[in-house]
Structures are given as C-alpha cells and as structure tokens.
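I wanted to see what they pair with and what sits over them.

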Amino acid sequence: MARVFVSSVINASTNRVWERIRDFNGLPKWHPRIRDSRIEDALPSDKVGCIRNFNLQNGDNLREQLLGLSDYDMFCTYGILESPMPLTEYIATLRITPITDGERTFAEWSAEFSCAPEDETDLVSGIGTNVFQGGFDALKRHFGG
C-alpha cells in the first residue's frame with residue numbers, strides 16, 4: 001500500500017476551519033483544483049455513504065464516497081470510487097485539531113491506496129502536493145496566513 005501524509009498549520013480557529021471544509025460537497029468553495037461538485041441522488045452532503053461526483057479544473061471527473069464524518073473529532077474519511085488516476089482501494093482522511101497555543105489549527109490529510117510500483121512515486125507526490133498541500137495552501141490564503 002502506498003501512503004501519503006501532509007500536515008499544515010492554519011492561522012484560524014478550528015471551528016472556523018471546520019465550518020469551511022466540513023461540507024463534503026463544498027470542495028469547489030475552498031480547493032482551487034476543483035471546478036464543480038454535486039452529491040448523487042440528492043442526498044445530504046453529510047450523510048455517510050453519499051457520493052460526490054466532481055470535476056477538476058482540467059476536466060477530469062472523480063467520484064468519491066463519504067465513509068465517515070465527525071463534528072466532534074473534526075474529520076472526514078472518504079474513498080475514491082472512480083478516478084483517472086491509476087490506483088485502487090484509495091481511502092483518505094482529512095482531520096483538523098485545535099492548537100491550544102493561539103487561535104490556530106493543525107490540519108492533516110492522509111491516504112492509502114494500491115497502485116503499480118512504477119506509479120507510486122508520482123502518485124504520492126502528485127496527491128501530496130497538488131491535492132493535499134494545494135488545499136491547505138488555499139485554506140491558509142483564505143484565513144490570512
């Protein structure tokens with residue numbers, strides 16, 4: 001299994017960051033690589049099991065299923081159902097934790113997946129840089145950090 005882990009500090013309270021990222025259908029509102037998104041079958045975007053169907057800015061389409069969501073622990077876990085990337089068994093978790101020294105948030109985004117050995121380095125790098133860090137950088141810009 002390939003693994004990706006990226007962490008960052010966002011200069012905003014955890015409640016404000018969670019309010020921004022909690023909506024499973026809200027990626028286009030905060031992630032610059034996402035063009036549009038919809039939840040299939042008109043289900044609520046916080047219903048475990050719902051499927052988001054979204055397009056990247058480059059036109060690629062992905063479908064992901066919400067596997068877990070906790071307002072108490074402030075995390076969301078999801079799996080990729082369909083993707084143009086050459087991977088399978090992709091499960092990711094985006095989690096935030098309060099930093100008690102100031103109004104800041106520790107954010108971590110991790111994933112595990114299977115892929116061909118020759119694709120692993122590029123996939124880990126691309127997901128870590130373009131998806132995870134790209135999202136954190138956008139959040140930091142939004143919150144002024």
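I started at the ring of tyrosine 78: the charged end of arginine 52 sits over it, 5.0 Å from the ring centre. For that call I needed NZ of Lys or CZ of Arg within 6 Å of the ring centre and within 35 degrees of the ring normal.

A note on the source: this is a predicted model, so I kept to pLDDT of at least 70 for local features and 80 or more for side-chain atom pairs, while totals for chains, interfaces and linings use all residues. Residues are numbered from 1 along each chain as its sequence is written, and side-chain values use heavy atoms, with hydrogens and water left out.

Next, ring pairs. I paired rings of Phe, Tyr and Trp (its six-membered ring) with centres within 6.5 Å, calling planes under 30 degrees apart stacked, over 60 edge-to-face and the rest tilted. That rule gave me 6 aromatic pairs. One of them is tyrosine 78 with tyrosine 90, tilted, at 6.3 Å centre to centre and 40 degrees between the planes. Tyrosine 78 is in strand β5 (residues 75–82) and tyrosine 90 in strand β6 (residues 87–99), 12 residues apart. Strands here are DSSP runs of E, at least two residues, numbered from the N terminus.

I then followed tyrosine 90 to phenylalanine 113: a stacked pair, 5.9 Å centre to centre, 20 degrees between the planes. Phenylalanine 113 lies in strand β7 (residues 104–115), so this pair ties together parts 23 residues apart in sequence.

Buried or exposed, tyrosine 78? Buried, because its relative accessibility is 3%, and buried means under 20% relative accessible area (1.4 Å probe, protein chains only). Tyrosine 90 is buried too, at 4%, and so is phenylalanine 113.

Last entry: I found Phe24, Tyr78, Tyr90 and Phe113 in one aromatic cluster.

Note on methods: Helices (H or I, at least four residues) and strands (E, at least two) are DSSP runs, numbered from the N terminus. Buried means under 20% relative accessible area, exposed over 50%, partly exposed in between (1.4 Å probe, protein chains only).
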